[in-house]
Amino acid sequence: MKFGGTSMAGTERIRRVARIVQRQQAAGHEVAVVVSAMAGETDRLVNFCREANPLYDPAEYDVVVASGEQVTSGLLAMHLQALGCKARSWLGWQLPVQTDDAHAKARIEGIDSEALMASMAAGEIAVIPGFQGLSPEGRVTTLGRSGSDTSAVAVAAAVKADRCDIYTDVDGVYTTDPRIVAKARKLKNVTYEEMLELASVGSKVLQTRSVSLAMKEGVRVQVLSSFIDDDAPAADTIPGTMIVSDEELARIQEGLDMERQLITGIAADKNEAKVTLTRIADRPGAVAAIFGPLAAANINVDMIIQNIAKDKGETDVTFTVPLADLARTQALLEERKDTIGYYRMLANSKVAKISVVGVGMRSHAGVAATMFRALADRGINIQAITTSEIKVSVLIDEDETELAVRVLHTAYELDGE
């Protein structure tokens with residue numbers, strides 16, 4: 001079971017979470033719980049780091065921001081004990097959750113689950129702070145924002161759990177953000193692949209890496225709301241959204257025409273920044289000189305556009321990076337201006353990425369054309385495009401985000417019950 005920041009925001013909500021956990025144990029389950037920091041706490045800690053040094057040391061950043069989950073794990077264990085449950089907290093270094101040394105973006109390499117499983121088998125509820133781990137050098141690491149989802153799936157895989165329940169402030173995965181489109185529909189089942197694409201392009205329900213890990217390890221994940229009445233049934237009977245393999249979904253939907261489900265969902269992400277480098281020499285190795293240093297700094301690059309070379313043998317390269325990495329990206333590229341050989345660097349943080357996702361794209365033509373036509377009809381300009389087998393994404397002006405989502409939700413006939 002995993003509970004996000006809004007579920008852990010204050011004493012009353014933590015007490016409610018404790019009662020939800022207690023019900024699952026009373027139903028006969030062995031339970032491990034992964035918790036996030038209280039809502040807003042990680043942002044507060046991140047701001048302290050930025051005030052101390054805008055180009056902070058990621059290793060010290062991890063020391064600061066990992067403290068939020070330590071607080072909530074201890075408090076939840078106390079609340080469970082107050083309800084008469086056997087419970088204890090396990091910090092990332094106590095299990096340990098072994099990660100690489102990429103501070104602020106560490107990847108889990110393994111979890112020593114022997115002591116944890118013995119504790120659970122003895123009837124003890126394990127409360128584990130998400131988001132944190134231990135580097136090979138013995139230093140605290142964090143897994144990136146929303147990393148508690150990845151922690152939860154990793155723990156579920158390590159203990160071979162029947163299911164990983166992700167409790168959040170929504171009651172499932174919707175065709176798009178219900179706050180933008182009131183007619184958005186909740187989905188009963190989504191494949192790992194679709195959820196992976198939705199998570200990667202801005203859906204805030206689950207972290208991308210958590211879905212990727214669930215797919216790799218075959219962990220069945222259920223998304224459901226923690227804001228339920230005290231007398232509500234246990235999660236086994238609450239209809240959230242189940243994220244499963246293609247094969248399991250085929251069994252669930254046996255007898256239905258799966259090709260009807262053309263588009264599963266539409267996601268929007270404002271946490272993107274666009275960078276353009278002008279007048280780069282059109283020669284082998286020029287692009288590698290740009291993206292090599294970014295990769296070494298663990299900065300993920302998404303959309304990449306290289307314009308056709310002009311007569312002078314020069315070209316412009318445009319790409320997007322996470323908004324949080326824009327300052328570091330600019331600093332790295334500025335340091336290497338002479339090596340790369342660009343004329344100007346232009347940055348734009350006021351952009352948004354809009355994506356349509358669905359396995360039905362594999363067997364239907366015209367998905368991209370529908371998207372482009374719908375946006376054009378409303379005067380929304382497309383700055384960049386990227387595609388995959390089941391996804392089309394475009395970059396637009398940030399101010400047009402909500403309009404674009406509503407237009408596309410209607411264009412793909414996703415409105416309704």
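Author: Happy to. Let's start with R139: its relative accessibility is 34%, so it counts as partly exposed, since that label covers values between 20% and 50%. Keep in mind that this is a predicted model.

Reader: What makes E60 and R139 a salt bridge?

Author: The closest N and O atoms of E60 and R139 are 3.0 Å apart, and the cut-off is 4 Å. The pair therefore counts as a salt bridge. E60 is partly exposed because its relative accessibility is 40%.

Reader: And why say that this pair links distant parts of the chain?

Author: Look at where the two sit. E60 is in helix α3 (residues 58-65), while R139 is in the loop between β7 (132-134) and β8 (140-142). They are 79 residues apart.

Reader: How many salt bridges are there by this rule?

Author: The count comes to 18 salt bridges. Another one joins R179 and D177, at 3.0 Å from N to O. R179 has 71% relative accessibility, so it is exposed, the limit being over 50%. D177 has a relative accessible area of 25%, so it is partly exposed.

Reader: What about R328 and D325, how do you know what to call that pair?

Author: Their closest N and O atoms are 3.4 Å apart, within the 4 Å that a salt bridge needs. D325 is buried because its relative accessibility is 7%, and buried means under 20%. R328 is partly exposed, with a relative accessible area of 32%. K105, D325 and R328 are also linked in a network of salt bridges.

Reader: Let's move on to rings. Why is the pair of F3 and Y167 called stacked?

Author: The ring centres of F3 and Y167 are 4.5 Å apart and the planes are at 15°. Pairing needs centres within 6.5 Å, and stacking needs planes under 30 degrees apart. Both conditions hold, so the pair is stacked.

Reader: What does that pair tie together?

Author: F3 lies in strand β1 (residues 2-3) and Y167 in strand β9, so the pair ties together parts that are 164 residues apart in sequence. F3 has 0% relative accessibility, so it counts as buried. Y167 is buried too, with a relative accessible area of 1%.

Reader: How many aromatic pairs does the structure hold?

Author: It holds 3 aromatic pairs. One of them is Y56 with Y61, at 4.9 Å centre to centre and 10° between the planes, which makes it stacked. Y61 is buried because its relative accessibility is 9%, whereas Y56, with a relative accessible area of 26%, is partly exposed.

Reader: And what makes you say that R88 lies over the face of W90?

Author: R88 is 3.7 Å from the ring centre of W90, and the distance limit is 6 Å. R279 lies over the face of Y343 as well, at 4.6 Å from the ring centre.

Reader: Now the backbone. Why do K160 and N298 get a mention for phi?

Author: Most residues other than glycine have a negative phi. K160 has a phi near 55°, a positive value, and N298 has a positive phi of about 60°. K160 lies in the loop between α6 and β9, and it is exposed because its relative accessibility is 71%. N298 is in the loop between α10 (286-296) and β16 (304-306); at 37% relative accessibility, N298 counts as partly exposed.

Reader: Which kind of peptide bond runs from L95 to P96, cis or trans?

Author: It is cis, with omega near -5°. P96 is in the loop between β3 (87-89) and β4 (97-99).

Reader: Last one: which residues have the most contacts inside the largest nonpolar core?

Author: They are L116, C164, M195, L206 and V221, in a core of 38 residues. Of the elements, α6 gives the most to this core, with 6 residues. Apart from it lies another core of 22 residues, including A374, I380, L408 and Y412.

Reader: What does V221 touch?

Author: Leaving aside residues up to four places away in sequence, V221 touches V153, C164, I166, L206, A214, T241, M242 and I243.

Note on methods: Residues numbered from 1 in each chain as written. Predicted model: local features only at pLDDT ≥ 70, side-chain atom pairs only at ≥ 80, totals over all residues. Heavy atoms only, no water. Core = buried A, V, L, I, M, F, W, Y, C linked by side-chain atoms within 4.5 Å. Buried < 20%, exposed > 50% of the residue type's maximum accessible area, 1.4 Å probe, protein only. Helix = DSSP H or I, 4+ residues; strand = E, 2+ residues; numbered from the N terminus. Contact = heavy atoms within 4.5 Å. Phe/Tyr/Trp six-rings, centres within 6.5 Å; stacked < 30°, edge-to-face > 60°. Lys NZ or Arg CZ within 6 Å of the ring centre and 35° of its normal. Salt bridge = Lys/Arg side-chain N within 4 Å of Asp/Glu carboxyl O.
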